[in-house]
Amino acid sequence: MAENNKVRVAIVGATAYTSREAIRWLLVHPGVDIVALCSRRDPQPRIDEVFPELAGRLELRCEPIDAAALKGRVDVVMMCLPNGLTMDLAPRLLDAGMRVIDFSADYRLKEPAEYQQWYGKEHTDLGNLARAVYGLPEAYREKIRTAALIANPGCYPTSAALGIIPLLRAGLIEAKDIIVDAASGISGAGRDPKPEHHFPERHETFEAYKIGEHRHMVEIERTLDPYVRASKSSVIFTPHLIPMERGILSTIYLHPRQPVSTEHVMQVFAETYQNEPFVRLRKSPPRTGDVARTNFCDLTARVVKSRIIVLSAIDNMVKGAAGQAIQNMNIMFGRKETEGLV
Ligand SMILES: NC(=O)c1ccc[n+]([C@@H]2O[C@H](COP(=O)([O-])OP(=O)(O)OC[C@H]3O[C@@H](n4cnc5c(N)ncnc54)[C@H](OP(=O)(O)O)[C@@H]3O)[C@@H](O)[C@H]2O)c1
């Protein structure tokens, strides 16, 4: 830690959308100094050339991605790289005494075979995979405090897990019959241009994609499994793209194990989340607009024809990425969990 007691943060993949979001929050965080921004670009850009809104606020020039050059200058590294890259760099950062918060999926699935199956690549850092902590504070706060390596959860899994875990933990629902229909804004796909994400392809149209094949389906299941009493969970996950910049709304269909009322389900949520600073219970259906640019997850539930319907809204780049990473950082460094986030 720096002499001024501030956490020294570096961001790798500094030109990413999620990095931009992290920078926006970290600049107003009273306990943080952004000391390094790393990129593969050559020549290295100044960050306010990439994100002009940072002009006059942060004018750091990016530097190459080099663990040795960060050693001694940095307490925690936020990794905003595509899947499959953090596992090459994290071992060197951890060996050099830095803590790591990975925004990608490299350390989220504990089973190497499952990582290979869903990400099409052999996992090359099994030691750190075993000790990485899944960074969902509402579920793993105590482990996060001492973790060297955080697997920051995926955006869809965050919205789904927060709506399901309390009901599984209370023994209220079947684990085998969970349906999650979720819609995300386009920023969820990142900054790299792809033809299918161009404005004319996305404007005024709404569609499902990767039905039964999205990698977040298995991540949701593995996140729920610790709360399932016998065997494992089974989730059908259908993601959708919606023509808005940011936000995720998950509509979750659950089978109660016994007849249950809306009031009872909401009571379970209220008891679970009474001390959680970033989960808000709503009477009316949550809206992505109400959580945009915030670290909140807004939740509500209804019982309809013997099914529980849970609605969960987050901002994919805040509670679904950078905000949750900062929440994790605050916990790891013994700071107030909400610092810099409200
Ligand atoms: N977007 C979201 O809502 C969201 C939510 C949760 C988690 N995530 C995860 O967070 C990570 C970052 O997502 P994002 O959407 O912010 O990504 P993004 O906007 O597409 O940016 C990706 C970044 O990675 C860099 N990069 C790409 N290939 C590289 C390579 N081979 N070596 C070094 N750097 C490389 C790019 O650098 P250049 O400047 O060189 O292009 C860019 O800075 C991903 O793993 C994503 O799955 C994203």
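## Contacts with the ligand

A polar contact is a pair of N or O atoms within 3.5 Å. In this predicted model, a backbone N or O atom of A16 is 3.2 Å from an oxygen atom of the ligand. For Y17, a backbone N or O atom is 3.0 Å from a ligand oxygen atom. N316 takes part through its side chain, with a polar atom 2.8 Å from an oxygen atom of the ligand.

Of the 900 Å² of accessible area that the ligand has on its own, the protein covers 84%.

## The shell around the ligand

The ligand is surrounded by 25 residues, and the closest are T15, T18, R40, R41 and L81. By class, the shell has eleven nonpolar, ten polar and four charged residues.

Domain 1 (7–131) and domain 2 (156–315) each supply at least three of the shell residues.

## The cavity

Across the whole structure, a search finds one cavity of 30 Å³ or more. The volume of the largest cavity is about 30 Å³.

The lining of the largest cavity is made up of L136, E138, A139, L162, I165, R169 and Y273. Five of the lining residues are nonpolar and two are charged, while none is polar. Both α7 (137–146) and α8 (155–169) give two or more residues to the lining. The largest contribution comes from α8, with three residues.

How values were computed. Residues are numbered from 1 along each chain as its sequence is written. This is a predicted model: local features need pLDDT of at least 70, side-chain atom pairs count only at pLDDT 80 or more; totals for chains, interfaces and linings use all residues. Side-chain values use heavy atoms; hydrogens and water are left out. A residue is near a molecule or strand if one of its heavy atoms lies within 4 Å of it. A polar contact is a pair of N or O atoms within 3.5 Å; within protein, one must be able to donate a hydrogen and the other to accept it, and residues adjacent in sequence count only if both atoms are side-chain atoms. Accessible areas come from the Shrake-Rupley method with a 1.4 Å probe; for residues, only the protein chains shown count as cover. Ala, Val, Leu, Ile, Met, Phe, Trp, Tyr, Cys and Pro count as nonpolar, Asp, Glu, Lys and Arg as charged, and the others, Gly among them, as polar. Domain bounds come from an automatic or database domain assignment. On a 1 Å grid over the protein atoms alone, a cavity is a set of points where a 1.4 Å probe fits but cannot get out, and a pocket is an open set with protein on both sides within 12 Å along at least five of seven lines; lining residues have an atom within 4 Å of a point. Grid points are joined across faces, edges and corners, and a volume is the space filled by probe spheres set on the points. Helices (H or I, at least four residues) and strands (E, at least two) are DSSP runs, numbered from the N terminus.
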